[in-house]
Amino acid sequence: MLGYWLAVVRRLALPALATGAVCAAAMAAALVLGDGTSWSAAVPQAVAAGAVGVLALVAVLSTSTVVSAARTARRYGLTLGPDAVALPSVREVRMPAIEGRTAFQLTDSVRHVVEKDPVLRLDEITAFGHGTLDFTLRGPSDTSVSVQVRVTTGPKETTAVVEARPAATYKRLDAAACWAVARVVEQRVAQALRAETADGGAAR
């Protein structure tokens, strides 16, 4: 969890510093123009106030984000780590080529698994085709998560790539929801492909 917290702090650092710099500049201008303070006296006061504001902002946002992420990880039985901060959250399933199955058939199997899974809470399928499956899920705390699954087949290997990202851009701090959903979808995709492998083997 410490690794996740540090990753969140790194993500927040730049926007928090930018906000602090704007606030410090505004405060310095107010001291000079409003109170008649000299620039040499106003700037240190404004910088100090801005630094305190930055630290408070980062502390509050990072703590609330980590608490929410820890709750999400527990809900799905996952271990929280620094990789949960990355957006989009990308997972990959690789297995030997599944004979007698096209990318469309494999994608259709994944679709069926997703539709029937009670944990994933499917909202809407937005795209479905040859190796393509896009859908929206209701993640933890009812966060909407957009998921893309891309299935490719080859003579030696079948690959499925899962990408999850917030459906709303203002939810970018809720990356752990996308990470958790991507992990669960990855498991369901692997389950669907293993079932197809077994069916293909039985058919031969």
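Me: What relative accessible area does aspartate 123 have?

Reply: Aspartate 123 counts as partly exposed, a class that lies between buried (under 20% relative accessible area) and exposed (over 50%), judged with a 1.4 Å probe and protein chains only. This is a predicted model, in which local features need pLDDT of at least 70 and side-chain atom pairs count only at pLDDT 80 or more, while totals for chains, interfaces and linings use all residues. Residues are numbered from 1 along each chain as its sequence is written, and side-chain values use heavy atoms, with hydrogens and water left out. For aspartate 123 the relative accessible area is 42%.

Me: Which residue forms a salt bridge with aspartate 123?

Reply: A salt bridge here is a side-chain nitrogen of Lys or Arg within 4 Å of a carboxyl oxygen of Asp or Glu, and in this pair the closest N and O atoms are 3.1 Å apart. Aspartate 123 sits in strand E2 and its partner in strand E3, so the pair ties together parts that are 15 residues apart in sequence. The partner, partly exposed at 32% relative accessibility, is arginine 138.

Me: How many bridges pair E2 with E3?

Reply: Strands (E, at least two residues) and helices (H or I, at least four) are DSSP runs numbered from the N terminus, and two strands pair if DSSP finds at least two bridges between them. E2 (residues 122–129) and E3 run antiparallel, with leucine 122 facing leucine 137 as its bridge partner. They form a hairpin with two residues between them, where glycine 131 in the turn has a positive phi of about 80°. The number of bridges between E2 and E3 is six.

Me: Which alanine does valine 189 touch?

Reply: Contact means heavy atoms within 4.5 Å, and residues up to four places away in sequence are not counted for valine 189. Its contacts include Val93, Val110, Val149 and Val162.

Me: How far apart are the closest N and O atoms of arginine 101 and glutamate 196?

Reply: The salt bridge between arginine 101 and glutamate 196 is one of ten that the structure holds. Arginine 101 lies in the loop between E1 and H3 and glutamate 196 in helix H4, so the pair ties together parts that are 95 residues apart in sequence. Arginine 101 counts as partly exposed at 23% relative accessibility, whereas glutamate 196, at 11%, counts as buried. Their closest N and O atoms are separated by 2.4 Å.
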